[in-house]
Each structure stands twice: as C-alpha cells, then as structure tokens.
Amino acid sequence: MFSFGKLSRSTLVLTCSVLVMACSGSRPDNLGVVNARLSECPKTPNCVSSDSLEQSHYVPAFKLEKSPALVWGSIKTYLQAQNNMDIIIETKDYLYIESTSILMRFVDDFELHLREKDGIIAVRSASRLGKSDFGVNKQRVDDLYKALNDKGLVSEAVKPN
C-alpha cells in the first residue's frame, strides 16, 4: 500500500480540493452587456467574441432564422442538457454560463446576448485562467451554433464593417 508519510488522508483530500478549486479562478468583473455590446476579449488568445474588433478573437454572431423566443428557448434547452454548463444569470436577452472542464475543473465564462432588433445573438466565450485554451472556447461556440443551425434556427451573421 502506498504511504504518504505524515500526511493524513484528510490533509491530502483538503490539499487536492484546494488545488482543483484554484483552477476555477475568480469570476471576472467585466461580464455583461455594456453599451449594447459584450466586453472585449483580453489580449490572450483564449477568448472569442462576435463583438471583437480584433480578427484573432472574432467569431460570427448567430443570425436568427426563426422567432427569437423559439431560438432563445432552444439555446436554454441545449445548455441545460450539457453536464458541464451552468446558467448563472438569465434575463430576457442575456445568458451568462459557467462552463467547467471535466478533468482539471477549469471554469470558462460563456455569454449570449439576444439582439432582437438586429436579428442576432452575440456570443462571447473566454477562459478565466492561462493563456491558451487549445481552441476550447471557439469549439464551445461552434458546437452551439451547429446544434441550432442543424435545426434551422440560426445561420451565420455577416460581420459588420
């Protein structure tokens, strides 16, 4: 049997718990909609946003092809079916989701902003910690887009000039 010397089992569990919780990071204070836009991505390459002015962070918004209520409801159903996503804030036109990686318990911040007047849903997904995300945030946005697009609910919005 493996021995941890003078470390008790409870000390080991506590240490491991602290290390895992450290991967979650603190919730950013720049989340939400300000001046009808989601916040800009940081300089690190671990963020994508349809509101980004920088090409390296840009992903297209979702163009609504069906009623906003139907698309918004489908998004919430999709998110609730994901075992690693928790809707933290929900309003009539904004969703803030925390997405937790299974292995290391890293927490990413995922935001959706319904802009009925423009006929789009703006998206932003960003890692809280580190520099690289190995494309996880873009993949999260792409997966949601594909699920909605496969049902004919959204298409890719044209990038504004």
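**Burial and charge pairs**

Biologist: R128 is found in the loop between β8 and α3. Why is R128 called buried?

Modeller: This is a predicted model, and its relative accessible area for R128 is 18%. Buried means under 20%. The value for R128 is under that cut-off, so R128 is called buried.

Biologist: What makes a polar contact between the side chains of R128 and Y96?

Modeller: The distance for R128 and Y96 is 3.0 Å. A polar contact needs a pair of N or O atoms within 3.5 Å, so the R128 and Y96 pair passes. A polar contact of 2.6 Å also joins the side chains of R128 and E98.

Biologist: How do you know that D109 and R128 meet in a salt bridge?

Modeller: Their side chains come to 3.0 Å, N to O. The cut-off is 4 Å, from a side-chain nitrogen of Lys or Arg to a carboxyl oxygen of Asp or Glu. The D109 and R128 value is within it, and therefore the pair counts. Side chains of opposite charge can pair when their charged atoms come close.

Biologist: Which parts of the chain does this pair link?

Modeller: Distant ones: D109 is in strand β7 and R128 in the loop between β8 and α3, 19 residues apart. Both D109 and R128 are buried.

Biologist: How many salt bridges does the structure hold?

Modeller: The structure holds 11. One of them joins E65 and K63, at 3.7 Å, N to O. That value is also within 4 Å, so the E65 and K63 pair is called a salt bridge.

Biologist: Why is E65 called partly exposed?

Modeller: E65 has 38% relative accessibility. Partly exposed is the range between buried, under 20%, and exposed, over 50%. The value for E65 falls in between, so the term applies. K63 is partly exposed as well, with a relative accessible area of 40%.

Biologist: Where do D142 and K138 lie?

Modeller: Both D142 and K138 lie in helix α3, four residues apart, about one turn of the helix. D142 forms a salt bridge with K138, and the closest N and O atoms are 2.7 Å apart. D142 counts as partly exposed at 28% relative accessibility. K138 counts as partly exposed at 39%.

Biologist: Which residues of α3 are buried, and what puts them on the same side?

Modeller: N137, R140, V141, L144 and L148 are buried in α3. They cover an arc of only 90° around the axis, which puts them on the same side of α3.

Biologist: How do you know that the buried residues of α2 line one face of the helix?

Modeller: The buried residues of α2 are V71, W72, S74, I75, Y78 and L79. Seen down the axis of α2, they fall within an arc of 160°, so they line one face. On the other side of α2, A69, T77, Q80 and A81 are exposed.

Biologist: Why is S99 called buried?

Modeller: S99, which lies in strand β6, has 2% relative accessibility. The limit is under 20%, so S99 counts as buried. Leaving out residues up to four places away in sequence, S99 touches N84, M85, F106, V107, D108 and R140. The side chains of S99 and R140 make a polar contact at 3.3 Å.

Biologist: Which residues have the most contacts inside the largest nonpolar core?

Modeller: They are F62, I75, L79, F110, L112, I121 and L144, in a core of 22 residues. Elements that give two or more residues to this core include β4, β7 and β8. The largest share, five residues, comes from α2.

Biologist: Which residues is L112 in contact with, leaving aside its neighbours within four places in sequence?

Modeller: Among them are W72, I75 and L79, along with I121 and L144.

Note on methods: Residues numbered from 1 in each chain as written. Predicted model: local features only at pLDDT ≥ 70, side-chain atom pairs only at ≥ 80, totals over all residues. Heavy atoms only, no water. Core = buried A, V, L, I, M, F, W, Y, C linked by side-chain atoms within 4.5 Å. Buried < 20%, exposed > 50% of the residue type's maximum accessible area, 1.4 Å probe, protein only. Contact = heavy atoms within 4.5 Å. Arc of directions from axis to C-beta. Polar contact = N/O pair within 3.5 Å; in protein donor to acceptor, adjacent residues only side chain to side chain.
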